[in-house]
Amino acid sequence: MVAITMDMCTGCDVCIPHCPFEALLPLVVNPGHRKHQKRPVIVVENNCVGCLSCIGSCPTNALYEIEIPVAASGSPLLHDSSQPDVEKIQRWKRNGIGVA
Ligand code: SF4
Ligand code: SF4
C-alpha cells in the first residue's frame, strides 16, 4: 500500500490519474493547519491494492510505500476504515482525466 505525507502534498493532483483504482482522491476540505493553500490528496485505503503505479508520480515525494507485516493475519484492505469526504473525479466523460 502507499501513504501520503500530508504536509508534503501540495494538492497538485498529478498523482490522481496514475492510480488505476481511484484510490488517490482530493479532500473536500483543506485542513486548517496546512501550510499549503490547496487541499491535499489522500489514499482511499479500501481502494488501494498496492500496485505502486503512483509511487514515482509525485513531484514532492509525498507518496511512500507501506510494508504489510509478514505475520499479518489479514489484509489491511479488509478493515472498515472511515475516511474524510473526498471529491469525485470525472475520468471518462468529456473533460475527464482518464487514467495513466
Ligand atoms: S499503490 Fe496502486 S492502487 Fe494504491 S494508490 Fe498507488 S496506484 Fe493506486
Ligand atoms: S502528486 Fe504529490 S503533491 Fe501532488 S497531489 Fe499527489 S501526493 Fe500531493
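**Salt bridges, ligand shells and loops in a predicted model**

Biologist: To how many salt bridges does the count come?

Modeller: The structure is a predicted model. A pair qualifies when a side-chain nitrogen of Lys or Arg lies within 4 Å of a carboxyl oxygen of Asp or Glu. By this rule, the number of salt bridges is four.

Biologist: How many residues apart in sequence are the parts that Asp 13 and Lys 38 tie together?

Modeller: Asp 13 and Lys 38 form a salt bridge whose closest N and O atoms are 3.6 Å apart. Asp 13 belongs to the loop between strand 1 (2–4) and strand 2 (24–26), whereas Lys 38 belongs to the loop between strand 2 and strand 3, so the separation in sequence of the parts tied together is 25 residues.

Biologist: Is Asp 13 buried, partly exposed or exposed?

Modeller: A residue is buried under 20% relative accessible area and exposed over 50%. Asp 13 has a relative accessibility of 22%, and therefore counts as partly exposed.

Biologist: How far apart are the closest N and O atoms in the salt bridge between Asp 13 and Arg 39?

Modeller: Arg 39 is buried, with a relative accessible area of 11%. In its salt bridge with Asp 13, the closest N and O atoms are separated by 3.0 Å.

Biologist: How many residues apart in sequence are the parts tied together by Asp 13 and Arg 39?

Modeller: Asp 13 and Arg 39 form a salt bridge. Asp 13 lies in the loop between strand 1 and strand 2 and Arg 39 in the loop between strand 2 and strand 3, so the parts they tie together have a separation in sequence of 26 residues.

Biologist: In which segment does Glu 87, the partner of Arg 39, lie?

Modeller: The side chains of Glu 87 and Arg 39 meet in a salt bridge at 3.2 Å, N to O. This pair ties together parts that are 48 residues apart in sequence, because Arg 39 is in the loop between strand 2 and strand 3 while Glu 87 is in the segment after strand 4.

Biologist: Which residues are joined into one network by salt bridges that share partners?

Modeller: Glu 87 is partly exposed, with a relative accessible area of 28%. Through shared partners, the salt bridges join into one network Asp 13, Lys 38, Arg 39 and Glu 87.

Biologist: How many charged residues does the shell around ligand 2 contain?

Modeller: The residues around ligand 2 include Cys 9, Cys 12, Asp 13, Cys 15 and Cys 58. Of the shell residues, seven are nonpolar and three are polar, and the number that are charged is one.

Biologist: How many disulfides does the structure hold?

Modeller: A disulfide is a covalent bond between the sulfur atoms of two cysteines. The criterion here is a pair of cysteine sulfur atoms within 2.5 Å. The number of disulfides in the structure is zero.

Biologist: How many nonpolar residues does the shell around ligand 1 have?

Modeller: Ligand 1 is surrounded by 14 residues, of which the closest are Cys 19, Cys 48, Cys 51, Leu 52 and Cys 54. By class, this shell has no charged residues and three polar ones, and its nonpolar residues number 11.

Biologist: What is the phi of Leu 52, which is not a glycine?

Modeller: Leu 52 is found in the loop between strand 3 and strand 4. Leu 52 is partly exposed, with a relative accessible area of 28%. Its phi is positive, at about 65°.

Biologist: What is the phi of Glu 22, which is not a glycine?

Modeller: Glu 22 has its place in the loop between strand 1 and strand 2. Its relative accessible area is 34%, so Glu 22 is partly exposed. The phi of Glu 22 is positive, at about 50°.

Conventions. Residues numbered from 1 in each chain as written. Chains lettered and ligands numbered in written order. Predicted model: local features only at pLDDT ≥ 70, side-chain atom pairs only at ≥ 80, totals over all residues. Heavy atoms only, no water. Near = heavy atom within 4 Å. Nonpolar A, V, L, I, M, F, W, Y, C, P; charged D, E, K, R; others polar. Helix = DSSP H or I, 4+ residues; strand = E, 2+ residues; numbered from the N terminus. Buried < 20%, exposed > 50% of the residue type's maximum accessible area, 1.4 Å probe, protein only.
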